[in-house]
Amino acid sequence: MPASVAVATRLIVLRHAKSAWPEGVPDQERPLAGRGRRDAPAAGRWLRQERCAPDVVICSTARRTRETWDRVAAELRPTRTPPTGLPTPEVVFEPRVYQASASTLLQVVRALPDRWRTALLIGHLPGVQDLVVSLAGGGDDDALARARGKFPTAAVAVLTLPGGWARLAPGTATLTAFAVPRGPKGGR
């Protein structure tokens, strides 16, 4: 479990939640579908429960990834007084993440300043899956098998890194968790 691991640097990779395919809408402007609007908050609750609070969010500029982040972020915010949520991270909407390859995503992550100890990357297939599989040099065998086999919408992978961002390379991270949180069927 990610909460029990002492982490120097941690990368959380989230595939955007399920998107709609409205006719005549450019790919970059596709919104979340009903299921995506339900599953994105479930991913946020999972991150909060696992104490995976990002210091920074690197998010694709596509509408579906931005909407995913909005719904995830709502679940990370304080909900009671005194606050019980997690600190608000810095958010960077990065055009290079839209439809990026694993190598481009790796370049984006490697450029992060070391002041950020936990980063959340929100992107698209196949790049996010390829990045996770490439970076994972070990870890939870079941999580590795599931991440290799299928990386569904709203899937979350948590990788721990041995050093700073600049030293990240294929095979150097440990996959500590892989989850596919789902919201209630029929809910909004």
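A salt bridge is taken here as a side-chain nitrogen of Lys or Arg within 4 Å of a carboxyl oxygen of Asp or Glu. In this predicted model, the side chains of Asp142 and Arg146 meet that criterion, with a distance of 3.1 Å from N to O. Both residues belong to helix α5, where they are four residues apart, or about one turn of the helix. Asp142 is partly exposed, at a relative accessible area of 48%, and Arg146 is likewise partly exposed, at 35%.

The structure holds nine salt bridges. Another of them is formed by Arg35 with Asp39, whose closest N and O atoms are 3.4 Å apart. These two residues are separated by about one helical turn, because they stand four residues apart in helix α1. Arg35 counts as partly exposed, with 35% relative accessibility, whereas Asp39 is buried, with a relative accessible area of 2%. In general, an α-helix has 3.6 residues a turn, so residues three or four places apart point the same way.

A further salt bridge links Arg64 to Asp27, with 3.1 Å between the closest N and O atoms. Arg64 lies in helix α2 (residues 63–76) and Asp27 in the loop between β1 and α1, so the pair ties together parts that are 37 residues apart in sequence. Arg64 is buried, its relative accessible area being 4%, while Asp27 is partly exposed, with a value of 26%.

The strands of the model form an open sheet of seven, in the order β3-β2-β4-β1-β6-β7-β5 and with mixed pairing. At the edges of this sheet are β3 (90–93) and β5 (136–139), each of which pairs on one side only. From one strand to the next, the twist averages 25°. Within the sheet, strand β1 (residues 9–15) and strand β6 (residues 156–161) run antiparallel and are joined by six bridges. Thr9 stands opposite Leu161 of β6.

Two of the helices can be described by their placement against these strands. Helix α1 (residues 34–49) lies across β1, β4 (118–123), β6 and β7 (173–179), and runs at about 35° to β6. Helix α5 (residues 141–149) also packs on the sheet, where it touches β5 and β7, and its direction makes about 75° with that of β7.

Helix α3 (residues 102–110) contains the buried residues Ala102, Leu105, Leu106, Val108 and Val109. These residues lie on the same side of α3, because they cover an arc of only 160° around the axis.

Definitions and conventions
Residues numbered from 1 in each chain as written. Predicted model: local features only at pLDDT ≥ 70, side-chain atom pairs only at ≥ 80, totals over all residues. Heavy atoms only, no water. Pairing = 2+ DSSP bridges. Axes fitted to C-alpha atoms, helices over the stretch in contact; angles between N-to-C directions. Contact = heavy atoms within 4.5 Å. Buried < 20%, exposed > 50% of the residue type's maximum accessible area, 1.4 Å probe, protein only. Arc of directions from axis to C-beta.
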